[in-house]
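Subject: Structure for your review

Dear colleague,

I am handing over the structure below, together with notes on what was found in it. Please read the notes with the model open beside them.

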Amino acid sequence: MSFDNVYEALTGDGDARWAFGTGFADPLNGVDTTVPPDVDGADLAAYCLMLGDDALIMSHRLQEWCTNAPDLEEEVALANIGLDLLGQTRLLYARAGHAADTARGEDHYAFFRDAEEFANVRLVELPRGDFGDLIARLLVFATWRLALLQRLIPSRDPVLAAIAAKGVKEVAYHRDHAAQWAVRLGDGTDESHRRMRDGFERIWPLVGELFTAHEVEERLTRSGVAADPAGLRAEFDAVLDQVLTAATLHRPADVPSDPDGRRGRHTDALGPLLAELQSVARAHPEATW
Amino acid sequence: MVTVTTDARAVAETVTDPELPMLTLADLGVLRDVSEEDGRVVVTITPTYSGCPAMDAMRADLIRALRAAGYDEVDVRTTLHPPWTTDWISAEGRRRLAEAGIAPPGAAPRRAEGPIPLALGPTVRTIRCPHCGSADTEETSAFGPTACRALRRCRSCREPFEHVKEI
């Protein structure tokens with residue numbers, strides 16, 4: 001039986017549920033999740049959590065724009081980008097669970113870890129800010145993540161490689177979207193120029209962290225599983241400069257940074273975000289919804 | 001047992017996409033394989049986008065259709081590689097999309113080695129209006145009601161329409 005629309009499907013009987021809830025089928029069901037023999041499963045799991053946490057927290061911030069975007073088309077765009085990232089999160093969390101050889105799956109990683117166990121870069125957790133902040137953050141994030149995922153396509157872990165290859169196609173659209181807005185606003189009115197510039201200036205102190213490797217990333221880069229974050233910088237700078245020039249803006253100065261987020265050291269913004277994201281699952285820990 | 005597999009494939013090929021019900025999963029290129037192992041039917045599907053929320057619904061629809069045809073043991077598996085591309089939508093699928101007022105995709109972008117270039121100018125693609133056939137159409141948003149659809153508008157007949165964007 002198929003349904004004419006999602007609402008019928010939601011209210012129909014059966015196992016089919018949609019993009020929210022807990023207890024979904026393993027998104028890697030049927031995929032060979034054997035860890036290659038000379039790859040460290042614990043490191044691979046930690047790395048997949050890093051990339052998954054980046055996507056989950058960024059997705060949550062994008063979802064906060066639902067009912068807050070400047071127009072309907074933009075709201076749909078941001079929700080779609082958030083959904084792509086949520087999908088990447090699920091695959092990466094599933095990969096982490098299999099690689100760590102624990103029974104843990106996506107629900108555990110998303111809903112039952114505390115802030116210091118999250119390994120996302122801090123840039124994604126910053127409070128929502130205004131539309132200029134959003135576009136600056138989305139451009140920085142998508143440009144960095146696209147460069148990263150593309151370098152993971154030849155990863156020695158075939159599951160991570162497949163997740164990356166799918167993600168590249170999606171994040172290329174995210175980067176396009178943010179770049180077009182950055183140019184429109186930067187090269188727009190005095191007010192839009194000022195707010196786009198302020199957005200980049202506020203985000204920039206956390207840009208250095210994106211290119212600073214954690215020990216897990218260093219080890220996995222040596223074994224051909226991960227990509228060296230420092231190696232993404234040239235592509236990132238070239239794309240940002242292309243956009244900023246067209247937007248009549250300048251690249252702010254870098255601030256040296258440790259990989260604090262990757263080590264679980266976060267800004268004050270992550271705790272409240274997780275409190276909201278995890279509230280239903282923690283209030284009803286045995287429930288499937 | 002070859003006949004069983006062939007029949008199971010024929011049944012699986014009738015199942016439609018939950019969000020694009022004018023298309024079968026086979027026409028969409030999501031249905032990758034149907035085989036039989038140890039008396040069970042094994043169906044392999046691939047997500048269009050990583051976050052496609054319809055995967056669970058597709059799985060349930062496939063199991064339901066195959067059970068109704070007498071196949072009690074059905075295992076629906078996922079594959080991620082190679083990643084889905086709009087190039088896999090069949091000619092029949094493209095015809096049905098257009099018939100439903102959704103412009104089918106052009107050829108998916110070919111990625112050369114090295115960094116993916118960023119194009120800042122307007123993307124020029126000849127996407128014909130599914131209502132009047134005019135090529136004078138413009139994109140209003142790259143993101144639409146589902147992950148795979150963009151919004152466009154026809155400058156000739158002024159109708160808005162959706163377009164399955166190339167990926």
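Predicted model: local features only at pLDDT ≥ 70, side-chain atom pairs only at ≥ 80, totals over all residues.

Setting aside the neighbours within four places in sequence, Ala182(A) is in contact with Ile135(A), Leu139(A), Met196(A), Val243(A) and Ala247(A). As general background, nonpolar side chains tend to be buried together in soluble globular proteins.

Two of the contacts of Ala182(A), Leu139(A) and Val243(A), also take part in the packing of two helices, with Leu139(A) in H5(A) and Val243(A) in H9(A). Helix H5 (residues 131-152) and helix H9 (residues 233-246) of chain A pack at an angle of about 145 degrees, their axes being 9 Å apart, and the crossing is right-handed. On the H5(A) side the residues are Leu139(A), Thr143(A), Trp144(A) and Ala147(A), which meet Glu235(A), Phe236(A), Val239(A), Leu240(A) and Val243(A) of H9(A). Sorted by class, this contact has 7 nonpolar, 1 polar and 1 charged residues.

Turning to the interface, 49 residues of chain A are in contact with 33 residues of chain B. On the side of chain A that touches chain B, at least two residues each come from helix H3 (72-99), H5, helix H6 (158-186) and H9 of chain A, and H6(A) gives the most, with 14 residues. By class, the residues of this side of chain A divide into 27 nonpolar, 11 polar and 11 charged.

In chain B, 3 strands form an open sheet in the order S1-S2-S3, with mixed pairing. Strand S1 (31-37) and strand S3 (74-78) of chain B each have a single partner strand and stand at the edges, so one side of each is left without a neighbour in the sheet. Neighbouring strands of the sheet are turned against each other by 20 degrees on average, direction ignored. S1(B) and strand S2 (residues 40-45) of chain B run antiparallel and are joined by 6 bridges; Leu31(B), for instance, has Ile45(B) in S2(B) as its bridge partner. Helix H3 (residues 55-68) of chain B lies across S2 and S3 of chain B and runs at about 150 degrees to S3(B).

With best regards

Terms used:
Residues numbered from 1 in each chain as written. Chains lettered and ligands numbered in written order. Axes fitted to C-alpha atoms, helices over the stretch in contact; angles between N-to-C directions. Helix = DSSP H or I, 4+ residues; strand = E, 2+ residues; numbered from the N terminus. Left-handed = near helix turned anticlockwise from the far one by under 90°. Contact = placed C-beta atoms within 7 Å. Nonpolar A, V, L, I, M, F, W, Y, C, P; charged D, E, K, R; others polar. Pairing = 2+ DSSP bridges.
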